[in-house]
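Biologist: I'm new to this one and would like to learn how to read it. Could you walk me through it feature by feature?

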Protein chains: 2
Amino acid sequence: MSSETKTGGVLRALLESGVRITAQRKLVASIMDEERSHPDADEIYRRARTIDPRISLSTVYRTLALLKSAGLVQDHRFDEEHAHFEPVVDKPGHQHIICRGCGDIMEFQLNLDAAQRAAVEDATGFRFVSERIEVMGVCERCRNEDS
Amino acid sequence: MSSETKTGGVLRALLESGVRITAQRKLVASIMDEERSHPDADEIYRRARTIDPRISLSTVYRTLALLKSAGLVQDHRFDEEHAHFEPVVDKPGHQHIICRGCGDIMEFQLNLDAAQRAAVEDATGFRFVSERIEVMGVCERCRNEDS
DNA sequence: ATCTTTGCAAAAACTTTGCACCCTG
DNA sequence: CAGGGTGCAAAGTTTTTGCAAAGAT
């Protein structure tokens with residue numbers, strides 16, 4: 001079910017998780033549910049403030065940590081100095097492509113195939129657990145704008 | 001020669017690059033040349049101090065930035081809060097696998113194949129530029145130790 | 001009522017910067 | 001000797017933590 005619903009369930013899962021429910025936690029969870037972009041903590045904080053101007057950045061961080069340990073959100077560093085957050089997507093092979101021009105992030109699905117996994121295991125002696133593929137690219141808009 | 005020498009050329013390339021040569025820059029470059037691990041700035045700093053106890057952490061950062069902009073070293077965040085550095089390896093498809101148990105990092109070579117690149121372009125509308133593949137795994141030692 | 005969560009401010013971790021002095025070229 | 005590089009300390013970023021007040025169950 002809900003095969004095209006991206007998630008929409010961070011808030012619902014939070015409510016069902018048994019943790020104490022507060023307005024701030026519901027707010028952060030609902031922001032994550034609306035997310036199509038991959039906001040960083042400060043962006044989530046700014047969005048939250050438009051609804052509850054008294055929420056603090058610490059609470060945003062604490063709630064994101066809570067949601068993360070509950071497996072409801074993930075963070076990514078994208079080789080930058082700060083983290084970006086997104087709701088956990090149940091689809092396997094959920095990867096990211098980042099535009100070199102404008103930094104826009106888009107998602108796509110891809111996994112290494114069995115032969116590639118085996119090659120990694122053979123080459124390293126490690127057991128393969130999971131992969132994260134981060135692609136650098138150029139989005140259509142940037143392709144048309146510069147050069 | 002040096003088919004297993006990873007790079008060895010950071011210092012040499014630095015000397016040939018035309019920038020001002022200082023003892024500190026040579027030291028940091030030579031540390032990067034000896035690297036088999038993927039040290040963070042503090043680890044590089046600590047190694048440098050064993051040779052020149054008066055070198056400063058700022059200089060290590062400044063030199064790493066210099067080497068990076070010269071294309072001689074790369075940094076990676078590995079989804080942690082701080083950067084790890086390594087000499088640039090000219091081999092394409094130079095990727096990393098990180099042990100879930102001990103954090104050990106190993107390298108392997110892999111690129112997405114043409115069909116996978118095309119699939120990414122089709123799905124996103126972005127032009128493919130490059131990929132970074134980060135694999136989570138379990139190294140042999142950790143596999144034997146726990147569980 | 002109790003025990004957790006919040007907000008604030010301070011600290012911590014990592015990295016960058018200002019400035020006077022030093023060294024390379 | 002001139003101009004850039006270094007060391008030190010201070011400031012900047014991003015994230016975490018201590019504590020008293022506020023809130024949830």
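Modeller: Let's begin with how the two copies meet. Of the interface residues of chain B, 100% are also interface residues in chain A, so the copies meet through the same surface. Contact here means heavy atoms within 4.5 Å. One thing to keep in mind is that this is a predicted model, where local features need pLDDT of at least 70, side-chain atom pairs count only at pLDDT 80 or more, and totals for chains, interfaces and linings use all residues. Residues are numbered from 1 along each chain as its sequence is written, chains are lettered from A and ligands numbered from 1 in the order in which they are written, and side-chain values use heavy atoms, with hydrogens and water left out.

Biologist: What rotation superposes chain B on chain A?

Modeller: The general idea first: two copies of a chain are related by a rotation about an axis and a shift along it. In this case the rotation is 180 degrees and the shift along the axis is 0.1 Å, with an RMSD of 0.1 Å. That is the relation of a two-fold axis.

Biologist: Which residue of chain B comes closest to the rotation axis?

Modeller: That's B:Ile133, whose C-alpha is 2.2 Å from the axis. Leaving out residues up to four places away in sequence, B:Thr124 touches A:Ile97, A:Met106, A:Glu107 and A:Phe108.

Biologist: Is B:Thr124 buried or exposed?

Modeller: We call a residue buried under 20% relative accessible area, exposed over 50%, and partly exposed in between, using a 1.4 Å probe and protein chains only. B:Thr124 has 8%, so B:Thr124 is buried.

Biologist: On to the DNA. Which residues are closest to DNA strand C?

Modeller: A residue is near a strand if one of its heavy atoms lies within 4 Å of it. DNA strand C has 20 residues around it, and the closest are A:Gln24, A:Thr59, A:Arg62, B:Arg20 and B:Tyr61. Sugar and phosphate make up 67% of the atoms of DNA strand C that come within 4 Å of the protein.

Biologist: What about DNA strand D?

Modeller: DNA strand D also has 20 residues around it, the closest being A:Arg20, A:Tyr61, B:Arg20, B:Gln24 and B:Thr59. Of its atoms within 4 Å of the protein, 64% belong to sugar or phosphate and the rest to bases. Backbone atoms take part here: an N or O atom of the A:Ile21 backbone lies 3.2 Å from a phosphate oxygen, and a polar backbone atom of A:Ala83 is 2.9 Å from a phosphate oxygen. A polar side-chain atom of B:Gln24 lies 2.7 Å from a sugar or linking oxygen. The largest share of this surface, four residues, comes from α4(A).

Biologist: Where is A:Phe78, and what is its phi?

Modeller: A:Phe78 lies in the loop between β1 (73-76) and β2 (84-87) of chain A. Its phi is near 45 degrees, a positive value in a residue other than glycine. At 6% relative accessibility, A:Phe78 counts as buried. A:Asp79 lies in the loop between β1 and β2 of chain A, and has a positive phi of about 55 degrees although it is not a glycine. A:Asp79 is partly exposed, at 28%.

Key. A polar contact is a pair of N or O atoms within 3.5 Å; within protein, one must be able to donate a hydrogen and the other to accept it, and residues adjacent in sequence count only if both atoms are side-chain atoms. Helices (H or I, at least four residues) and strands (E, at least two) are DSSP runs, numbered from the N terminus. Copies are superposed by least squares on the C-alpha atoms of residues with pLDDT of at least 70 in both.
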